[in-house]
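Hello,

Here is the structure I said I would pass on. My notes on it follow below.

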Number of protein chains: 2
Amino acid sequence: MDFSTRLRDHGLRVTRQRLAVLGVVDSHPHSSADAVAEKVRRDLPELSLQSVYNVLNDLTAFDLLRRFSPPHSPALYETRVGDNHHHAVCTRCGRVEDVDCAVGHAPCLTPSDSHGMTIQIADVLYQGICKDCAERSPGPAG
Amino acid sequence: MDFSTRLRDHGLRVTRQRLAVLGVVDSHPHSSADAVAEKVRRDLPELSLQSVYNVLNDLTAFDLLRRFSPPHSPALYETRVGDNHHHAVCTRCGRVEDVDCAVGHAPCLTPSDSHGMTIQIADVLYQGICKDCAERSPGPAG
DNA sequence: CCGCTTATTTTGAGTAAGTCAAGATAAGCA
DNA sequence: TGCTTATCTTGACTTACTCAAAATAAGCGG
Ligand SMILES: [Mn+2]
Ligand SMILES: [Mn+2]
Ligand SMILES: [Zn+2]
Ligand SMILES: [Zn+2]
């Protein structure tokens, strides 16, 4: 189902700004608001940064986008929603990779004890050193 | 082992500021920098917020503290390090609870495929509705 | 297609969280 | 006790993001 249809299905208006943001996030997963703005402006130079934030927030609320917040980084966005996949972040260069759920189907949604909380999302963030950074300087973490 | 010893073991100086911050974080796990500053100032009124950031950053780097960054929240700190435990955050009230690793001992450290990255930390962040918030208004997520 | 309604975007200001750098202070050692 | 330099404080600054009001334009009824 294309983005226009999905927007309409939620009662949201189909605007150039929303379609452009969705297109950029779709082709550049794990982009920050700034990065999205910069790329969208190649097609839509007059796009305001505020609109990028508006669009990202609205579409995240309606689950057309997914947001996650790695440490030392602005929030990142992707169109891959609903599959509870995880992320690995390189602590040296910030590189982000998708990681499928470790132990079969969404096991992370059933924690051993959650103090009576009803869990809806499990965001798993792996932190480590990516291959390139390890080759560049094989020392310990940093 | 007490905090002074652990500081010295890393070649770090033992200062009132560091001990006070460690004490507050220890008795108030999952505190933000602001919250730490406010509580430390009951004993050490002249403590600067910049020093709180300095101390939290330095001690996190030496693994005397652990930091994590829930969405829509400043970074939170705790003294419970090295056991790879996880966190559940209420999306309504922000409450944070510790959650032991779901599937035995640190399974989260071995993701199915990490694109060649050497994983060192797995931060699992469960998001949901806490018991109190659910009782207050039992509707769907918020 | 036209005009209306109101969601969306833009503009401009403002805030929260945290960093950077220079000088003052004090921890640890001789 | 005095020296060295890590640490702390002060003050300015940045980044990431929010808030509110005015301008624009999407979608609908005619
Ligand atoms: Mn992803
Ligand atoms: Mn904890
Ligand atoms: Zn890397
Ligand atoms: Zn709650």
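Along its sequence, chain A runs in the order α-α-β-α-α-β-β-β-β-β-α. That gives 5 helices and 6 strands in chain A, where helices (H or I, at least four residues) and strands (E, at least two) are DSSP runs numbered from the N terminus.

Please keep in mind that this is a predicted model, in which local features need pLDDT of at least 70, side-chain atom pairs count only at pLDDT 80 or more, and totals for chains, interfaces and linings use all residues. Residues are numbered from 1 along each chain as its sequence is written, chains are lettered from A and ligands numbered from 1 in the order in which they are written, and side-chain values use heavy atoms, with hydrogens and water left out.

Chain A has 142 residues, and 44% of them are buried (under 20% relative accessible area, with a 1.4 Å probe and protein chains only). Its accessible surface is about 7,400 Å², with 49% belonging to carbon and sulfur atoms (Shrake-Rupley method, 1.4 Å probe).

Then the DNA. Around DNA strand C there are 21 residues, of which Thr15(A), Arg18(A), Ser51(A), Val14(B) and Gln50(B) come nearest; a residue is counted if one of its heavy atoms lies within 4 Å of the strand. Of the atoms of DNA strand C that come within 4 Å of the protein, 70% belong to sugar and phosphate.

- Val14(B) has a backbone N or O atom 2.8 Å from a phosphate oxygen of DNA strand C.
- Tyr53(B) places a polar side-chain atom 3.1 Å from a phosphate oxygen of DNA strand C.
- Asn57(B) has a side-chain N or O atom 3.2 Å from a phosphate oxygen of DNA strand C.

The elements giving two or more residues to the surface near DNA strand C are α2 (16-27) and α4 (49-61) of chain A and α4 (49-61) of chain B. The largest share, 4 residues, comes from α4(A).

Regards

Methods
A polar contact is a pair of N or O atoms within 3.5 Å; within protein, one must be able to donate a hydrogen and the other to accept it, and residues adjacent in sequence count only if both atoms are side-chain atoms. Buried means under 20% relative accessible area, exposed over 50%, partly exposed in between (1.4 Å probe, protein chains only).
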